[in-house]
Amino acid sequence: MRFIIVPGWRDSGPGHWQSLWAERLRNAVRVRQDDWITPSRKAWVASLANTIALQDEPVVIVAHSLGCIATAHLPPEAVERIHGALLVAPADPERRAVLSDFAPVPYQKLPYRSVLVASSNDAYCPVRLAGAYARAWGSEFVRMQDAGHINIESGHGEWPLGIALLQSLAGDASLTAPHLDFSSSAHSSSSSFGSLETA
């Protein structure tokens with residue numbers, strides 16, 4: 001199994017859970033974009049599709065923010081390689097002009113298992129809209145309370161809850177040592193990250 005790390009607008013910096021996972025998951029591949037500041041849907045989707053095409057194994061997408069929307073725009077030949085997807089804090093491209101090239105957001109059901117995680121107070125996407133994405137895409141919906149954009153600014157570094165959700169998608173065997181080498185702090189309780197609701 002390959003884990004494809006798909007950052008959002010402006011990339012995921014040092015300390016962000018995506019950056020930590022990219023370093024510590026042995027089979028992780030991080031998508032690179034030529035322009036993180038003024039994103040083009042065509043260019044971003046092409047980079048993601050090419051990254052998937054280069055892998056010899058089924059892939060699990062690990063997307064954040066605008067990366068979730070890029071994933072929803074993937075062409076069929078890339079989609080058929082996907083085993084599952086963890087879609088975290090999706091963006092709303094209609095709320096910010098710089099992201100408008102990604103609108104309208106596809107509302108077709110995804111043909112693979114996906115888990116969408118959203119926060120009740122995400123400034124980049126109302127939780128009600130995130131729930132609408134989840135229903136349209138057929139995603140399992142995890143609602144976090146007051147977790148912001150689920151990034152380093154909102155206190156989500158190693159993010160053990162995310163690892164647990166990734167395990168549910170990929171299977172525990174895919175994430176055992178030596179594939180994953182988090183410190184013991186990564187296995188602490190997720191209660192500090194807010195309460196959860198599933199729907």
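Modeller: Terms first: helices (H or I, at least four residues) and strands (E, at least two) are DSSP runs, numbered from the N terminus. This is a predicted model, where local features need pLDDT of at least 70, side-chain atom pairs count only at pLDDT 80 or more, and totals for chains, interfaces and linings use all residues. Residues are numbered from 1 along each chain as its sequence is written, and side-chain values use heavy atoms, with hydrogens and water left out.

Colleague: Good. Where does W159 sit?

Modeller: W159 is in the loop between β6 (140–144) and α6. Its phi is positive, about 50 degrees, although W159 is not a glycine.

Colleague: Is W159 buried or exposed?

Modeller: W159 counts as buried, at 1% relative accessibility. Buried means under 20% relative accessible area, exposed over 50%, partly exposed in between (1.4 Å probe, protein chains only).

Colleague: And α6 itself, what is its cover like?

Modeller: Mostly covered. Helix α6 spans residues 160–170, and eight of its eleven residues are buried. Among them are P160, I163, L166 and A170. Just after α6, G171 has a positive phi of about 95 degrees.

Colleague: Let's step back. How many helices and strands in the chain?

Modeller: Six helices and seven strands. From the N terminus the order is β-α-β-α-β-α-α-β-β-α-β-α-β. The chain has 199 residues, and 55% count as buried.

Colleague: Which residues have the most contacts inside the largest nonpolar core?

Modeller: L48, I61, L74, L116 and W137, in a core of 40 residues. Such a core is a set of buried Ala, Val, Leu, Ile, Met, Phe, Trp, Tyr and Cys residues joined through side-chain atoms within 4.5 Å. Elements giving it two or more residues include β1 (2–6), α2 (41–53), β3 (59–64) and α5 (127–137). The largest share, six residues, comes from α5. There is also a second, separate core of 25 residues, which includes W17, L20, V115 and I150.

Colleague: Take L74. Why does it count as buried?

Modeller: Because its relative accessible area is 8%. L74 lies in the loop between α3 and α4. Not counting residues up to four places away in sequence, L74 touches V45, L48, A49, I52, V79 and I82. Contact means heavy atoms within 4.5 Å.

Colleague: Last topic, the largest pocket. How much space lies in it?

Modeller: About 260 Å³. A pocket here is an open set of points on a 1 Å grid over the protein atoms alone, where a 1.4 Å probe fits, with protein on both sides within 12 Å along at least five of seven lines; lining residues have an atom within 4 Å of a point. The volume is the space filled by probe spheres set on the points, which are joined across faces, edges and corners.
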